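Try each task before reading its solution.

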Amino acid sequence: MSIQYITNENGQRVGVMLDLATYEQLTHPLTNDPECLLNISPAELQAFANIELALNSQQTLNTLLSKNNQSSLTPTETQILDELLEQIDALALLKARAKYTLQRRQELEIMP
């Protein structure tokens, strides 16, 4: 971090010069946080934070989980179950990142 102060004729600090990286970090603190979802409105973040698995996918999941408990899944059904579980993991991660971003924006009072 490179900081240089601008002084007046009396030697009083009246300004500061920062390198670009420091300036960007100070003016856009979420940019350096890889977990934050950037360029998304608060309404969109809230929608992501509340996202759910589609009803038909949830019904399929419930059916497949029930069959899995009975050890009666076909190979195709096993593949579908694995894909649904991957989607659930991805949705959970998206929800968590959206909630985290909303929290960080609120902490920093960044809301557009």
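**Exercise 1. Locate asparagine 39 in this predicted model, then decide whether asparagine 39 is buried or exposed.**

Solution. Start with the chain: asparagine 39 sits in the loop that links α1 (20–27) to α2 (42–49). Next, take its relative accessible area, which is 80%. Exposed requires over 50%, so asparagine 39 is exposed. Finally, check the backbone: phi of asparagine 39 is near 60°, a positive value in a residue other than glycine.

**Exercise 2. Describe how α3 and α4 pack.**

Solution. Two numbers are needed, because a packed pair of helices is described by the angle between the axes and the distance between them. Here the angle is about 125° and the axes lie 10 Å apart. Now list the partners: α3 contributes Ser57, Thr60, Leu61, Leu64, Leu65, Lys67 and Asn68, while α4 contributes Glu77, Ile80, Leu81, Leu84, Leu85 and Ile88. Sorted by class, this contact has eight nonpolar, three polar and two charged residues.

**Exercise 3. Which residues make up the largest nonpolar core?**

Solution. The set has seven residues: Leu53, Leu61, Leu64, Leu73, Leu81, Leu84 and Leu91. Assign them to helices: α3 (55–69) and α4 (75–108) each supply at least two, and α4 has the largest share, with three. Then look at leucine 91: beyond its neighbours within four places in sequence, leucine 91 is in contact with Ile51, Glu52 and Leu53. There is also a second, separate core of six residues, with Leu37, Ile40, Leu45 and Ala49 among them.

**Exercise 4. Classify aspartate 82 by its relative accessibility.**

Solution. Aspartate 82 is in helix α4. Its relative accessibility is 41%, which lies between the 20% and 50% limits, so aspartate 82 counts as partly exposed. For a distance check, go to serine 57, 25 residues away along the chain: the two C-alpha atoms are 12 Å apart.

Note on methods. Residues are numbered from 1 along each chain as its sequence is written. This is a predicted model: local features need pLDDT of at least 70, side-chain atom pairs count only at pLDDT 80 or more; totals for chains, interfaces and linings use all residues. Side-chain values use heavy atoms; hydrogens and water are left out. A nonpolar core is a set of buried Ala, Val, Leu, Ile, Met, Phe, Trp, Tyr and Cys residues joined through side-chain atoms within 4.5 Å. Buried means under 20% relative accessible area, exposed over 50%, partly exposed in between (1.4 Å probe, protein chains only). Helices (H or I, at least four residues) and strands (E, at least two) are DSSP runs, numbered from the N terminus. Contact means heavy atoms within 4.5 Å. Axes are lines fitted to C-alpha atoms, for helices over the stretch in contact, and angles run from 0 to 180 degrees between N-to-C directions. Ala, Val, Leu, Ile, Met, Phe, Trp, Tyr, Cys and Pro count as nonpolar, Asp, Glu, Lys and Arg as charged, and the others, Gly among them, as polar.
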